[in-house]
Amino acid sequence: MNYLNTENIIVAQCTAEGYGAINIIRISGASLGGLYRKIVKEKGRPRPNSILFKSIYIKDEKVDDAMISFFKGPKSFTGEDVIEINCHGGDFIAKKIIRGLSKIKEIRHALPGEFSFRAYYNGKIDVIQAESINSLIKSQTNVHANKSMENIDGQLSRKIKEIKTKIITTSSFCEYGLDVDENEDSESILMQINDMLIEIEGLLNGVLSCNLYSKVVERGIRVAFFGRPNVGKSTLFNSLLGYDRSIVSSVSGTTRDVIEASLEMGGHSIKLIDTAGYRNTSDQIEALGINKTKKEVDKADILICLGENKEDLSLFSELMVEKKMITVLSKCDINKCAGYDLLISSVDGLGFKSLLTELSTKIIQITSSKSINAEYYINDRQQEVLSRLLKNVGSVKKQLGGTVALDIISEYIKKIVDDVDEIVNPIGREEIINNIFSSFCVGK
Ligand SMILES: Nc1nc2c(ncn2[C@@H]2O[C@H](COP(=O)(O)OP(=O)(O)OP(=O)(O)O)[C@@H](O)[C@H]2O)c(=O)[nH]1
Ligand SMILES: [Mg+2]
C-alpha cells in the first residue's frame, strides 16, 4: 500500500456494489484530456466542469451510453484532472469499464480513500477535513452528520492552526531569547515563555474537553434496562423500540444475554440495552448473563431501573449511580408502591410519555450540560495526538523552572511544532497516512 505513489492515474467505483440504477466511476490523474478523448472516441478537448451524454468506449468496443464529466485540475476534488462516468447500474458494466481502464499501463485501481488522500496531498483539504468526510459517510444521526460537516468546513482545523501559530510564536520568542545579551533580564524571558506555554495548555485543554461529547456523538448514548428477573424489562424495551426484539415470557430468567438495538432521539443515536434479570443464581449460563448485566450497568449513560416493590428500590440504591438512573415501578396496573420516579404499565400504555420525557431530559443533561464541552468533535486519533502535545508542553514548562539551558528548551519547542503537524498535515509520515486513509471506503 503506497498512497505516496501519486504518479499513477487511479480509478475506482464510487457507488456501493449491488443492483441499482446507476454506478459512478471516478478517475483521477495529473492530465486526463487524452484519456477522456479515448473513452468518448472524440478529438476535441473535453469541456471542463460539465457533464455530457456520450457513448463510452473501452478500446474500440462501445460499452455504454452514459453521462461523463470532466473536472480540470486544480479545480477538482483531488486537485488533479478528474473524470466521472455515471454508467448504467448493476455492477457488470462498471466492472467492465474499470477492468478495461486498468489494462492501460499508467492506470491502476485506487486504494481505499485514495481520492481523498490526493485532495489532501494537493492541498485541497487537510487531514482533519479528510477524516471528517469519512465520518460524515459513516454517520447515522443528525448530530454526528452535523458535527462532521462543521469539521469539513474547517471548524476544528482553524482551532488547531491557532494553536500551531501560538507554538510557533513561542518558538520564535525562544530564538529571540537566545540572541539577546546574557546580561538582559533572562528571568523575565523565561517567565514570558512560561506564560505562553500556559496559554497553549489552555487552548489544548479546551479542545480535549470535547472528548466526552465526541464519544457520545460517535458511539451514541447507552440506555440500559436493569432489574430483577420478570419485572418487565424486555416488555418495556420492545415497547420503546416499537417492535419485538427481545423474547418476553412469564418465566423468570428469560433474557440471558445482552440485547442491543438503536433508535434516534433528539438527533442522537440511542443504544437501548436489554439485560438478564439481576439475582443470585446457581445456573451457570444465567450467571454469565448476570455478569454481563453488571458490565452494562457500569458502561451505561442512563439506567432504567425497573422494580415492583420497596425491596427493589433498595437494590437500585446499592448501585450508587443515582445521577444516571430513572426508577420505574413496572406493571403499575397490578403493583402499587411509592418512591419511584415513574409508574409504567405495558398493559394499558400508562407512563410511556413520562418515560420518554424523562429520557429526553437526561439526554439533554448529558449532551448540553455546562460541564460538557460540545464545541468541537474530535476523533480518537486527534485526541491521542492532542493529549501527547499537552503532555509535551507540560514537560517543557517543568524544565523552565530547572537548570536546563534556553537553547535546549528552544529545541523542545521546535519538536512540538512538528508534533502539531501530525494532526492536520502528517505528509511524509507514511504509517500515519496509511492508518488514516485505509479505513475509508474505496472510491472516496
Ligand atoms: N400486568 C402486567 N404484566 C406485565 C407488564 N409488563 C410485562 N408484563 C409481564 O411480565 C412477564 C415478564 O415480562 P418480561 O418483559 O419478559 O420481563 P423481564 O424483566 O425481561 O424478565 P427476564 O428476562 O426474565 O429478566 C411477562 O409475562 C409479561 O407479559 C405490565 O406492565 N403489566
Ligand atoms: Mg427479559
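Okay, a definition to start: domain bounds here come from an automatic or database domain assignment. On that basis we've got domain 1 (9-126), domain 2 (138-210 + 377-424) and domain 3 (222-367). The centres of domain 1 and domain 3, taken over C-alpha atoms, are 52 Å apart.

Quick housekeeping. This is a predicted model, so local features need pLDDT of at least 70 and side-chain atom pairs count only at pLDDT 80 or more, while totals for chains, interfaces and linings use all residues. Residues are numbered from 1 along each chain as its sequence is written, and chains are lettered from A and ligands numbered from 1 in the order in which they are written.

Strands are DSSP runs of E, at least two residues, helices are runs of H or I, at least four, and both are numbered from the N terminus. Two strands pair if DSSP finds at least two bridges between them. This one is an open sheet of six strands, ordered 3-4-5-2-1-6, with mixed pairing. Strand 3 (50-58) and strand 6 (107-109) are the edges, each pairing on one side only.

Now zoom in on strand 1, residues 9-13. It runs parallel to strand 6, with three bridges; Ile9 sits opposite Ile107, and Ile10 has Arg108 as its bridge partner. With strand 2 (residues 22-29) strand 1 is antiparallel, over four bridges, and there Val11 partners Ile27.

So is strand 1 covered or open? Five of its five residues are buried, meaning 20 or more other C-beta atoms within 10 Å of a residue's own, with C-beta atoms placed from the backbone. In a regular strand the side chains alternate between the two faces of the sheet. Here Ile9, Val11 and Gln13 are on one side, Ile10 and Ala12 on the other, and all are buried.

Helix 1 (residues 33-40) lies across strands 1, 3, 4 and 5, at about 65° to strand 3. That angle is between N-to-C directions, on a scale from 0 to 180 degrees, with axes fitted to C-alpha atoms, for helices over the stretch in contact; contact means C-beta atoms, placed from the backbone, within 7 Å.

Last stop, ligand 1. Which residues come nearest? Of the 22 around it, they're Gly232, Ser234, Thr235, Thr255 and Gly277, where being near means a C-beta atom, placed from the backbone, within 6 Å. The shell has five nonpolar, 14 polar and three charged residues. Ala, Val, Leu, Ile, Met, Phe, Trp, Tyr, Cys and Pro count as nonpolar, Asp, Glu, Lys and Arg as charged, and the others, Gly among them, as polar.

Terms used: Two residues are in contact if their C-beta atoms, placed from the backbone, lie within 7 Å. A residue is buried if 20 or more other C-beta atoms lie within 10 Å of its own, exposed if 12 or fewer, and partly exposed in between; C-beta atoms are placed from the backbone.
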